[in-house]
Amino acid sequence: MRDFNTGMSLKKQINLFLDNELPSADYQDLMQRVASDPRTNKIFNREKDFRDFVKNNVKRPSVSPGFIQNLKDRIHN
């Protein structure tokens, strides 16, 4: 189990979890801590809510089909 005593380590663990990159050995430890520690739960939910907000509210520019084809042509040549 990694050290969750520092904010940096905890935030890193949460970010890895939300990126689906947290090693399975650490997954259960983090979920247990989120469920049992109000501070960890607050940090976890704040980061998750922020990511959900960005995902749902930040408009990504569209890319034209011509641009995509141009990239494909450059890759294949």
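Predicted model: local features only at pLDDT ≥ 70, side-chain atom pairs only at ≥ 80, totals over all residues.
Residues are numbered from 1 along each chain as its sequence is written, and side-chain values use heavy atoms, with hydrogens and water left out.

The chain contains four helices and zero strands, in the order α-α-α-α from the N terminus. Helices (H or I, at least four residues) and strands (E, at least two) are DSSP runs, numbered from the N terminus. Of the 77 residues, 18% count as buried.

The buried residues of α2 are D26, L30 and V34. Around the axis they cover an arc of only 70°, which puts them on the same side of α2; the arc is that of the directions from the helix axis to the C-beta atoms. With 13 residues, α2 reaches 19 Å from its first C-alpha to its last, close to the 18 Å expected at 1.5 Å a residue. The expected span is 1.5 Å times one less than the number of residues in the helix.

Helix α3 (residues 38-57) has 20 residues and spans 28 Å between its first and last C-alpha, close to the expected 28 Å. Within α3, T40, I43 and F44 are buried. Viewed down the axis of α3, its buried residues fall within an arc of 100°, so they line one face of the helix. The face turned away from this buried side carries the exposed residues P38, K42, R46 and N56.

The largest nonpolar core has nine residues, namely L10, I14, L16, F17, L22, L30, V34, I43 and F44. Two or more residues each come from α1 (7-18), α2 (24-36) and α3, and α1 gives the most, with four. Such a core is a set of buried Ala, Val, Leu, Ile, Met, Phe, Trp, Tyr and Cys residues joined through side-chain atoms within 4.5 Å.

On the surface, V63, F67, I68, L71 and I75 form a nonpolar patch with about 480 Å² of accessible area together, as given by the Shrake-Rupley method with a 1.4 Å probe, where for residues only the protein chains shown count as cover. Patches are made of residues with over 30% relative accessible area and no salt bridge, like charges being joined within 9 Å and nonpolar side chains (Val, Leu, Ile, Met, Phe, Trp, Tyr) within 5 Å. A salt bridge is a side-chain nitrogen of Lys or Arg within 4 Å of a carboxyl oxygen of Asp or Glu. I68 lies in helix α4 (residues 65-76) and is partly exposed, with a relative accessible area of 38%.

Technical notes
Buried < 20%, exposed > 50% of the residue type's maximum accessible area, 1.4 Å probe, protein only.
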